Amino acid sequence: MPVLTESALLGVVEQVLLGAQVPPHKARVVAECLVASNLRGVDSHGIQLLPFYIDQLLAGEMDASADGEVISEFGSCLLMDGRNGLGQWVADTCCRHAIRIARAQGLALVVARESNHFGAAAGWAQKMRDAGQIGIVMCNASPIVPPWQGKEGRLCTNPICMSVPGPWLLDMATTTVAAGRIFKAFLNDQSEIPAGWAFDSEGVPTTDTKQAYSGMLMPLGGYKGSGLAMMVEILCSVLGGGAMSTEIGGIRFRGRTVRVSQTFIAIDVARFMPLEEFTARV
């Protein structure tokens, strides 16, 4: 099996994106996001996503030229419209706003609507962490998760991520596993997945990978996962005025734009105590 260096892999991903007419500065942001996930061992959110992005770009379902637009900014709160731009570019822009506002106000709440898949949430929370802030990131996504005891997809994996200065990081789906784990098993021709991960399209629990790929994911911890997913939906799409639930597109919902919403919260640790004291306490 060939082994690529980080720089070589970044170059390959960038060249593929450039071939799909992605501007160079944006191609770099996307490439860094995907490769960083692979380097962390989270292959489900790494370069395996690249073909899906390219398909969306070539189909005109995602606009690589869009930069997004700030709709409003009041105090600690900012609302952004991603204008169907690259999810990583929208997220990078939102993180920069969140860091700026938190430095000035102590706390920032930035919500983006009309965005696209932004890779792993961890990278964006870590970006705020690297600025000496607590970073919290959430997003909604395609409706491939039934509410607790339901049979039809209404919610999604709706991940929650938190990163703090120091070594601690949480990045979790509100389902038993992230959708990318199912996609990875499917792409690798893995015939079965563990029990408790997914339903088939009729809402029956399954360990068959193909049935899971065309089916739905299980909420984490039953009703608790559904509750957390609903919380994320409220803090992202409801609060941001974005598309919700079955209005969302995605990898399995082609022929329309994705329209996801994402929330970025930054907390300036220095407003509470010296950063060194905080990291020692953690």
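Predicted model: local features only at pLDDT ≥ 70, side-chain atom pairs only at ≥ 80, totals over all residues.
Let's call a residue buried when its relative accessible area is under 20%, exposed when that area is over 50%, and partly exposed in between, using a 1.4 Å probe and protein chains only. Numbering starts from 1 along each chain as its sequence is written, and side-chain values use heavy atoms, with hydrogens and water left out.

So where does N38 sit? You'll find N38 in helix 2; helices here are DSSP runs of H or I with at least four residues, strands are runs of E with at least two, and both are numbered from the N terminus. Leaving aside residues up to four places away in sequence, N38 touches D43, G46 and I47, where a contact means heavy atoms within 4.5 Å.

Now look at how helix 2 meets its partner. Two packed helices are described by the angle between their axes and the distance between the axes. Helix 1 (residues 6-19) packs against helix 2 (residues 24-39) at an angle of about 135°, and their axes are 8 Å apart. That makes helix 1 oblique to helix 2. For reference, the axes are lines fitted to C-alpha atoms, for helices over the stretch in contact, and angles run from 0 to 180 degrees between N-to-C directions. Under 35 degrees counts as roughly parallel, over 145 as roughly antiparallel, 65 to 115 as roughly perpendicular, and the rest as oblique.

In the loop between helix 1 and helix 2 lies Q21. Q21 has a positive phi of about 70° although it is not a glycine, and at 66% relative accessible area Q21 is exposed. N84 also has a positive phi, about 65°, without being a glycine. Its place is the loop between strand 2 (77-81) and helix 4 (87-105), and at 15% relative accessibility N84 counts as buried.

On to the aromatics. The whole structure holds 4 aromatic pairs: rings of Phe, Tyr and Trp (its six-membered ring) pair if their centres lie within 6.5 Å, and planes under 30 degrees apart count as stacked, over 60 as edge-to-face and the rest as tilted. F183 and Y213 have ring centres 5.4 Å apart and planes at 70°, so that pair is edge-to-face. F183 belongs to helix 6 (residues 179-187) and Y213 to helix 7 (residues 209-213), so the pair ties together parts 30 residues apart in sequence. F183 is buried at 8%, and Y213 is buried at 18%. F186 and Y213 form a stacked pair, 3.8 Å centre to centre with 5° between the planes. F186, at 30% relative accessibility, counts as partly exposed. Ring pairs link F52, F183, F186 and Y213 into a cluster.
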